[in-house]
Amino acid sequence: MLQRRINAIELFRNLDWFTIILYLIMVLAGVISIYAASYDYDNASMLSFEEFSGKQLRWIGLSLALGFILLLIDTRMYEAYAYPIYIIIMLLLLITPFLAPDIKGSRSWLVFGPVSLQPAEFAKFATALALAKLFSGYNFLLNAKLSNYARAISIIILPIFLILMQKETGSALTFLALFFVLYREGMSGLVLFGALFSIIIFVVSIKYTDPYVLSMASGQFWLFIIIMATILGMLFIYNRRWSIVRNVMLGDLIFAIGTWLLADVCGVQIPGTALFISIIILTCIYLLFEAVRTHARYFYVIAGTAILSVVFMFSVNFAFDHLQPHQQMRIRVVLGLEEDLRGVGYNVNQSKIAIGSGGLTGKGFLNGTQTKLKYVPEQHTDFIFCTIGEEEGFIGTTAVMLLFLALILRVLTLAERQPTTFGRVYGYCVACYFIFHFCINIGMVIGLCPVIGIPLPFFSYGGSSLWGFTILLFILLRIDAGRKQVLSY
Amino acid sequence: MRKNYNYAKRKYVIGGFIALIAIIYGIKLYDLQISDSKYKESADSNAFLKKTIYPSRGLIYDRNGNLVVYNQPAYDVMLVPRDVNQFDTIDFCNTLNITKEQLLKRFTDMKDKRFNPGYSSYTPQVLITHLTAQDYGRLQEKLYRFPGFFIQKRILRQYNIKSAGNILGNIREVNAKDIEDDSYYTAGDYTGDLGVERSYEKYLRGTKGVEILIRDANGRIQGKYENGAHDIAPISGRDLTLSIDVRLQQYAESLMVGKHGAIVAIEPQTGEILCMVSAPGYDPSLLVGRERGKNYKALANDPEHPLYDRALMSSYPPGSTFKPTQGLIFLQENIITPGTAYPCHRGYINGGLRVGCHGHGSPLALKPALQTSCNAYFCWGFKNMIDRRSKYGSSANAFEVWKKHLVSMGYGYRLGVDLPGESRGFIPNDKFYNKFYGQGGWSANTIISVSIGQGEIGATPIQIANLCATIANRGWFITPHVVKKIHDTIMPPDLTRKRYPTIDAHYYPTIAEGMRMAVTGGTCRKANLPDIEVAGKTGTAQNPHGQDHSAFIGFAPFNDPKIAVCVYVENGGWGASFGVPIGSLVIEKYLNGQISTARKGLEEQMMSSRLSYTSAKKKK
C-alpha cells in the first residue's frame, strides 16, 4: 500500500467535523449532567476542581490535547505499531490486578498520585487496532481458513479474559461487541442469530412460567410459535420461493386441525406440548425430504435450528427447575424478572423512578429530587442518564439518544467509506463499542437489561473512559482524514 | 482487491439493529416518562416527608370561666419502617427503660394489620406512645443513632376536677373504624370519646398542619421544601365554655355519693344544663395517658357501671313526676277544668280495678291533687280521656292524641342534648297495645298505670328535668345542652331555639301552683326553704326489681325560675326520703351559694347515707 504524506492544512480540511462537533456537544452535555448529578445544595461551584464536574472539565481539556496529538500521528504508524501496542496493553492488563488496590471488589485501577487510570478502557482501542491489523493482512479472508477465526477470536478473547481477572465483568463483556465486526467481515449471521435466539429462548422460558396456555406454560407456548415463525422466515430467506413455505404452513395447519378434531371426537385430551413437538418433527421430516430431493444444504440448517431450539428450550426449563431456589432467585433478579427492592433491584427501581418522574420536559436543571437527594446510586457515573431523564425529561433523553444514534451511524458511514480494510475494520470496532455501551447502559438504567456496570460514553464521569473513547474516535478521524492519500491498495 | 463487496450489505443489518434498539428504548422511555404517572408519585414520596403538625386541642371552661380541661404535651416514638435499618436495640431499650421483649412485641403489633390497618412501610408509624419527659429528653439526645425514628409531639388532656367524667368525656387513639369513616384521621391520632369531647370533636380538634421536609436516600432531613412555602400551619381547636357550674356539679356529686342515680339541673330560660350527675361517676383523669387502656377496662367491667351516664341513657319509670304532664293534657283536651274534682277513697276503684292511694281529703281538684300526689285523680282523668269515644272515636285514637302531647313535651324521643348516647326513653303508642292486647282489646283501665308514670312509661332524668324547666317557663323549653359557647363561632340554632309543647301556655300556671302547694303543704315539705320559693313534685316510682326509686322535680324561685332540677335515686324509697332533700339542697346551693345552718344536718345526712345495691334486689 502506498500513501503520500499529508500536510496540516489538508488534514484540517479532510477532518470529519460533523463527528468532532457531535463529540464536543456530548462531552459538554456530559459535564453539565455531571454537575447536576453531583450538585450539592450547600456548596456549588462548577469549576472547582474538587467537584466531579470540575475534574471532568480537566479530563476534557486533556482529552482535547490528546486528540490533537493523535491527529498528528501518521496513519501508517497506527498500522505499523498495532501489534506492539496491543501486546503492551495486554501486558499492562496482566499486571494490573497485582498492582491495583482493591476498590469495591475490583482491582482494575492503577493509581498514579492523584490520578487513577483503568487500563481496561485503553484495551479497547488496542484491540481494535490489532483486529484491524489482522484483517488488513495480505489476502486475509475470514472465511478462508478456520485458523483465521481462531486468530481473530483470540485477539478478542484475550482482553476479556485479562479484564475478568480484575473482576470488571462489565468492561470485559464490552469486547463481545467485536463479534459484530466479524459478522461484517464475513462470519455467518447464524452465529449472531443463534446467540440472540438463545438469549430469547432463555429469557422467555424463565420469565413466562405462569398462566397456562393449552396446558403448557405461556412462555413455552410463545416459544413454539416463535420457533415456527423462525423456520418459516428462514425458509423464505434461503429458499426465496413461496411453494415450500406454503407447503409447510398448509401441512402443519391441516395436521394441527386434523389432530385437534380427531382428539375432540375421541374425547382424548392431547397435551399442547405433544402437538407442537409433532408439528415441528413433521416439518423437519419434510425439510429433510426436500434436502435429499434438491441437495440444498440450508434445509439441514433450518431443521437443525428448529431441533436445537426445542432441545435448548427444554434443557433450560429442566436445568432451571433443578437449581436451588436461591440460585433461581439470583438468575431472576439478574434478569430483572424479580423485584428485589433492597438489593440490585433497588438501584434499577430508583433509577426508573428518577427517569419516570421527569415527565415530558423534566423538573428543570438542578431540580431533580431523586438525584439531588442521592436516591440513585452511581448517578454521576453509570447512572448519569437518570439525571438527564429526571431534569430534562423525555425531551432530554430523546435528544441524548439521537446524539448517540447520529454518532454511531456516522461512525458506521466513516467505516464504510474507508478504502483500506484496516480503516474499515477499525471503524467498525469503534462503532461496535459505542453500540454496546449505548445499548447496555441505557438499557440497564431504564430496566430493560441486567445491571452491568459500564459507563455511558462521554457522559459518565471518569477520565479513563473519556480518554479511552476519545482515543478510539480520534484515531478513526485521523485514518478517515487520510483516506484520500491512499494511492494504491 | 480487498474490499469485500459481498458483505457490504451487512452494514444495513448493523445500522438497522442499532436503529431498532433506539426505537425500543424510545418507546420504553415514552412509557416511563409520559404514560405512567406513578413514578412521579414515587419520587415525591421518596423526597418529601410530609410531617403532620398537630393543632392544640380546644380548652374547656365552665360557665364561670374556670378552666376545666387543658392540654399537656406528650411524646410518641414514631418510625418509618423502611427507613429503619439495624439499630442497637439494647441501647434503645435502655434509653426508654423497656425490655427487649416489649420492644419486639410493639414491632409485631405495629405490623399487625388487625391492630393497625393503616400500616405501610413507607409512612410514619407509632411505636411507643406517651414518653415521660425524662425518656423524651434521653431519646432526643440519642436520636441520631436510630435512623428512621423520630419523636412526634402530641397532646394529652389534663383535668382540673375529678368529677363530670360523663359530661367531659375523654380522648382516645382512633381505631380502624374512625379512620375509615373520617379521612381526617390517620393511625395514632386522637379523637374524642364520650361526653363533649366526642360531640364537639369537630370543633375541638382543629385542623392539622403539614410541614414538607426534604429527605435524602439515607433518611436524613435536608431542610424544608422551598423554605416552607408549601407548608400548612395547623389551626388550633376551638375552646368550649360549658354551661356546667363546676362548683354545683361537684356539690351535687358529693350528695350522690353511695347512691345510684342522677341529678340534672337546668337553667330554664336558656336550656343550659347547670349540672348533670350520674352516680356513681369516675375521675376523668383515669382515662388519660398510658394507663388509659387498663383503667378503661376496669371501669367498663365495674358492676356499678360508672361509664354509663344514667342522666342521659337510663330510661326510668318517672312515677309521680309524670303527673304534671297528665294535668296539662287533661286541661288542653278539656277533660277537666282547674275546678274539676275527682273522688279518692284511698285509691282509684273502677271496674274491679284498684290503684292505691294514701290518706287525704276527697274529692280533690287538680292543684290539691298535685299537692298530695293523688293517684286516683289522674287515673280518673286518664279514664275520662281515653274512653271518651264521643270525642275521639276509640281508645286508640284518644291514646294517640295523649301520646302526641307527651312527645311535644320531650318524652319518647331524644331531646337532642349535645352529648352522645342519649336514650329516647319510652312512650308506647296504640300499635304497641294493639299488638299486646289485640285491636280494640284494651281501654283506659287496661293501661291505667301509665297515667301515674308507671307501667310501660320510661323517661331519662334529662327528659324529666326538661319537663320541670318547661313548667318553670310556663309553657316552653329550649333543648337542654351542656355547651354554652363555642369560641369564635355561633351555637347550633337547635340549641338556642324555643320549643313549644302542644299545650297552651295558660294551662301551665295552674300546674306550677299545684307544685308550689306540694312544697308548702304537700309531699315536698322538706324543700320548703325560708328564703326561696320552691315548687316541686315528688315521685316514688315502683320498681319491679327492688325498692322504689326516689324521684323529685323542682324549680325555684317560683316567679322567676333560675333553676329546674330533677333528682332520681335508684331504690331510694319515697320521693321525700332522698329526692326532695337532695333536690332542695342543689337548689339552695345554686341560688344562695351555701346551705343555711338549719339545713346542715340534712346535707350531712344526704352526703353520708349509703344505699346498698346488692341486697336491695327483689323486694317487690
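Two residues are taken to be in contact when heavy atoms lie within 4.5 Å of each other. In chain A, 71% of the contacts with a separation of 6 or more are made by residues 24 or more positions apart. The structure is a predicted model, in which local features need pLDDT of at least 70 and side-chain atom pairs count only at pLDDT 80 or more, while totals for chains, interfaces and linings use all residues. Residues are numbered from 1 along each chain as its sequence is written, chains are lettered from A in the order in which they are written, and side-chain values use heavy atoms, with hydrogens and water left out.

Chain A contains 19 helices and six strands, where helices (H or I, at least four residues) and strands (E, at least two) are DSSP runs numbered from the N terminus. Of its 489 residues, 54% are buried, a term that stands for under 20% relative accessible area with a 1.4 Å probe, counting protein chains only. Chain A exposes about 22100 Å², and 70% of this comes from carbon and sulfur atoms; accessible areas were computed by the Shrake-Rupley method with a 1.4 Å probe.

One residue gives a local view of chain A. A:Phe474 sits in helix α19, which spans residues 463-481, and is buried, with a relative accessible area of 5%. Beyond its neighbours within four places in sequence, A:Phe474 touches A:Tyr23, A:Gly67, A:Leu70 and A:Leu71. The C-alpha atom of A:Phe474 is 9.3 Å from that of A:Ile69, although 405 residues separate the two along the chain.

Chain B has 22 helices and 20 strands, and 55% of its 620 residues are buried. Among its contacts between residues at least 6 apart in sequence, 70% join residues at least 24 apart.

Turning to the interface, 53 residues of chain A and 38 residues of chain B take part in the contact. On the side of chain A that touches chain B, α8 (179-184), α15 (344-356), α16 (369-372), α17 (384-416) and α18 (421-445) each supply at least two residues. Helix α17(A) gives the most, with 11 residues.

Technical notes:
Buried < 20%, exposed > 50% of the residue type's maximum accessible area, 1.4 Å probe, protein only.
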